Amino acid sequence: SARSAVNDTRRALDANALAIVTDGTGIDATWQLANRDHVPIEIAYDGGTGLVDAATRPNVFRIAPTNRGIAFRYAEYLIPKKLKVALLSDDSAYGREGASDVARAFSENPESVATKITVPAGETDLSPQILRAKRSGATALLVWGQPPAIAAALSAARSIGWNVPVYAPPTGADPFIRQQLADHPS
């Protein structure tokens, strides 16, 4: 949370930190604190392009790939495979930014996109949206969102017997997803 990020930043500054590495949460609330003490903040997770802006936040840098870069890599990888991709994103800021970058990445090859679906962040049952994606003729699923959305999408796809390949941004490696799906490792 932004509140935790502020508290963590204050503790780091009080301990004379030389730099702060963050997932990107709370940047709007913390960058000025760190900048006041001339401490750089490095984002190692959230790839939203709006987080790093040398004019607005001169002490914020990225050490992780941008959403845009990852989206274009997915397009370069999936389009030649002739897959019909269902683009699923949640309505969190991360999901919206990712959906925008993915749409741009696939814009030169719209025939590769079977459907685009936005789901509510935190929704635990995505069965209707996953069924809609399956019925669209999709042969792959790209889920861009927070870990709960990715876990819910995987769970819904497998529960309806859809063994489509599922792709995700770095949030797909979050331990939360493994915890949510631990009862069904397949």
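User: Buried means under 20% relative accessible area, exposed over 50%, and partly exposed in between (1.4 Å probe, protein chains only). Going by that, which residues of strand 6 are buried on one side and which on the other?

Analyst: Ala-140, Leu-142 and Trp-144 are buried on one side, and Leu-141 and Val-143 on the other. That covers both faces, with five of the five residues of strand 6 buried. Strands here are DSSP runs of E with at least two residues, helices are runs of H or I with at least four, and both are numbered from the N terminus. One caveat: this is a predicted model, where local features need pLDDT of at least 70 and side-chain atom pairs count only at pLDDT 80 or more, while totals for chains, interfaces and linings use all residues. Residues are numbered from 1 along each chain as its sequence is written, and side-chain values use heavy atoms, with hydrogens and water left out.

User: Got it. Why would the sides alternate like that?

Analyst: In a regular strand, side chains alternate between the two faces of the sheet.

User: How many bridges join strand 4 to strand 6?

Analyst: Five, and the two strands run parallel. Pairing here requires at least two bridges found by DSSP between the strands. Leu-87 has Leu-142 as its bridge partner in strand 6. On to strand 7: strand 6 pairs with strand 7 in the parallel sense too, over two bridges, and there Leu-142 has Tyr-167 as its partner.

User: What does Leu-141 touch, leaving aside neighbours within four places in sequence?

Analyst: Ala-86, Leu-88, Ile-130, Trp-162, Val-164, Pro-165, Val-166 and Tyr-167. Contact means heavy atoms within 4.5 Å.

User: Which residues of the largest nonpolar core touch the most other members?

Analyst: Leu-88, Leu-126, Ile-130, Leu-141 and Trp-162, out of 21 residues in that core. A nonpolar core is a set of buried Ala, Val, Leu, Ile, Met, Phe, Trp, Tyr and Cys residues joined through side-chain atoms within 4.5 Å. Strand 4 (85-90), strand 5 (113-119), helix 5 (127-135), strand 6 (140-144) and helix 6 (147-159) each put in at least two residues. Helix 6 gives the largest share, seven residues. Apart from this core there's another one of 18 residues, including Ile-70, Leu-87, Ala-140 and Trp-144.

User: Where does Trp-162 sit?

Analyst: In the loop between helix 6 and strand 7 (166-167). Trp-162 is buried, at 8% relative accessible area. Not counting residues up to four places away, Trp-162 touches Ile-130, Ala-133, Lys-134, Ala-138, Leu-141 and Ala-157. Lys-134 is 28 residues from Trp-162 in sequence, yet their C-alpha atoms are 7.5 Å apart.

User: Switching topic. In what order do the three strands of the open sheet come?

Analyst: 1-2-3, with parallel pairing. Strand 1 (20-22) and strand 3 (60-62) are at the edges with a single partner strand each, so one side of each has no neighbour in the sheet. The average twist is 30 degrees from one strand to the next. Helix 2 (residues 27-36) packs on that sheet, touching strand 1, strand 2 and strand 3, and its direction makes about 150 degrees with that of strand 2. For those angles, axes are lines fitted to C-alpha atoms, for helices over the stretch in contact, and the values run from 0 to 180 degrees between N-to-C directions.

User: And helix 4, which residues are buried there?

Analyst: Tyr-94, Gly-95, Gly-98, Asp-101, Val-102, Ala-105 and Phe-106. They cover an arc of only 130 degrees around the axis, so they are on the same side of helix 4; the arc is that of the directions from the helix axis to the C-beta atoms. Their cover includes helix 3 (67-78), strand 4, strand 5 and strand 6.

User: Which loop is His-38 in?

Analyst: The one between helix 2 and strand 2. His-38 is exposed at 71% relative accessibility, and has a positive phi of about 60 degrees although it is not a glycine. Asn-16, in the loop between helix 1 (2-14) and strand 1, also has a positive phi, near 60 degrees. Asn-16 is exposed, at 64%.

User: Last one: how many helices and strands in the chain?

Analyst: Seven helices and seven strands. Buried residues make up 43% of the 186 in the chain.
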